[in-house]
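My plan was to go residue by residue first, and then step back to the whole chain.

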Amino acid sequence: MDRAITVLEILAQQKDAGVTEIAAELGVHKSTAFRLVGALERRGLVEQPGLRGKYQLGFGIIRLAGAMAAGLDLTQQSRRVCEDLAAELGETVNIAIPSGDMVVNIDQVRGASAVVTQNWIGRQNPPHSTSSGKVLLAFMRQSDQRRVLRGHLEALTPSTITDPDALRAELDDILERGFATAVEELEYGLNAVAAPVRGITGEVIAAVSASGPSYRMTEDKLLPLGEAVVKAAVEISTRMGHMEVAS
C-alpha cells in the first residue's frame with residue numbers, strides 16, 4: 001500500500017513516468033512496479049494517454065479528491081495551524097476570505113502576547129487597507145482587481161495606500177515575495193502580515209494573517225514573520241487539498 005501511494009506521489013510531481021522510472025524511484029524491480037501500476041490503472045487512479053509506457057494520474061483521483069473536498073471546512077482545517085502559529089508568534093492570527101469587494105474575517109486565534117481583546121470575526125474591511133485584503137487582491141482575477149482599483153480607496157489612516165498605481169505596484173511585490181504587509185494602514189498602532197491559502201485546484205481561497213501592535217511587530221520584523229505566516233499558509237493549503245507541484 002505504501003508503495004502504491006508513493007507511485008501516485010511520483011506521478012503528481014513528475015506529471016508522467018514510465019515503469020522503469022517508477023521502479024527506480026521506489027527502489028524495486030520493474031516487475032513489482034508494473035504490478036503496482038497495473039492495479040492502480042484498473043481502478044482508474046492512473047492511466048496511459050497517447051503513447052503507451054508513460055503513466056499519469058487518472059480521473060479516479062478527481063473522483064476521490066472531489067468527495068473529500070466536499071467535506072472540507074476551511075475553519076476546521078485551519079484551526080490547529082492557526083493555534084500553532086499564534087503560540088509561536090504570540091500574536092493574533094486571523095483567517096479571512098473575500099466577501100464581494102470586501103474582506104471578512106471568519107476565524108481568529110489570540111496569541112499569549114495579544115494585548116487587545118477585540119474580536120475580528122465577522123468584521124468586513126476594504127481589501128486595500130489590510131494585509132489579508134492585499135493578498136486576496138494580488139491573487140484575484142485581473143478583471144476583479146481592476147474594478148477594485150478603479151473604486152474609491154478610502155484613507156482609513158494616513159498610511160493607507162489610496163493611489164491605484166502605488167497599490168498595483170505593491171500587489172506585484174506581493175506576488176513576487178509571497179506575502180503582504182500592512183503598516184498602520186487599517187488602524188493606528190496595528191501592523192500585520194498575511195499569506196495566501198490555496199484550495200484543491202490551486203486558486204487562492206483565503207488569507208491567513210498575524211497582527212499585533214506596531215511597537216512589537218516593528219517593520220524590521222515583518223520579513224521573518226512573513227516567512228512564518230507563509231509556512232502556515234502552505235500547511236493550511238495542503239489540508240485543503242492543494243498539492244504543490246515540483247517545477
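**Entry 1: Val93**

I started at Val93, which is found in strand 4 (residues 92-99). Before going on I noted the ground rules: this is a predicted model, so I kept to local features with pLDDT of at least 70 and counted side-chain atom pairs only at pLDDT 80 or more, while totals for chains, interfaces and linings use all residues. Residues are numbered from 1 along each chain as its sequence is written, and side-chain values use heavy atoms, with hydrogens and water left out. Helices (H or I, at least four residues) and strands (E, at least two) are DSSP runs, numbered from the N terminus.

Is Val93 buried or exposed? Val93 counts as buried, at 1% relative accessibility. I used buried for under 20% relative accessible area, exposed for over 50%, and partly exposed for what lies in between (1.4 Å probe, protein chains only).

I then listed what Val93 touches, not counting residues up to four places away in sequence: Cys82, Leu85, Ala86, Asp107, Gln108, Val109, Val208, Ser209 and Ala210. A contact here means heavy atoms within 4.5 Å. I also took one distance: Val93 and Ala112 are 19 residues apart along the chain, and their C-alpha atoms are separated by 11 Å.

**Entry 2: Ser113**

Next I looked up Ser113, in the loop between strand 5 (102-109) and strand 6 (124-125). Ser113 counts as partly exposed, at 32% relative accessibility. Leaving out residues up to four places away in sequence, Ser113 touches Gly90 and Arg216. From Ser113 to Ile174 I counted 61 residues along the chain, and the C-alpha atoms are separated by 27 Å.

**Entry 3: helix 6 and Phe139**

Ile174 took me on to Phe139: the two are 35 residues apart in sequence and 9.0 Å apart in space, C-alpha to C-alpha. Phe139 has its place in helix 6. With a relative accessible area of 25%, Phe139 is partly exposed. Beyond residues up to four places away in sequence, Phe139 touches Ile174, Leu175, Pro196, Arg198 and Val204.

How many residues of helix 6 (residues 131-139) are buried? Eight of its nine are, which leaves the helix mostly covered. The buried ones are Ser131, Ser132, Gly133, Lys134, Val135, Leu136, Leu137 and Ala138.

**Entry 4: Thr181 in strand 7**

Thr181 sits in strand 7 and is buried, with a relative accessible area of 16%. I found that Thr181 touches Ser131, Lys134, Glu170, Ala192, Val193 and Leu222, not counting residues up to four places away in sequence.

**Entry 5: two positive phi values**

Phi of Glu184 is near 50 degrees. Glu184 is in the loop between strand 7 (180-183) and strand 8 (190-198), and is partly exposed, with a relative accessible area of 26%. Phi of Lys15 is near 75 degrees. Lys15 lies in the loop between helix 1 (2-14) and strand 1 (17-18), and is exposed, with a relative accessible area of 56%.

**Entry 6: helix packing**

At what angle do helix 1 and helix 3 (residues 30-42) pack? I got about 75 degrees, with their axes 10 Å apart. That makes helix 1 roughly perpendicular to helix 3. The contact is made by Arg3, Ala4, Val7 and Leu8 of helix 1 and Thr32, Leu36, Val37 and Leu40 of helix 3.

For reference, axes are lines fitted to C-alpha atoms, for helices over the stretch in contact, and angles run from 0 to 180 degrees between N-to-C directions. Angles under 35 degrees count as roughly parallel, over 145 as roughly antiparallel, 65 to 115 as roughly perpendicular and the rest as oblique.

Helix 2 (residues 19-26) packs on helix 3 at about 110 degrees, with the axes 8 Å apart. Helix 2 and helix 3 are therefore roughly perpendicular to each other.

**Entry 7: the whole chain**

Stepping back, I counted nine helices and nine strands in the chain. The C-alpha atoms fill a box of roughly 70 × 40 × 30 Å, taken along the principal axes. Buried residues make up 46% of the 247 residues.
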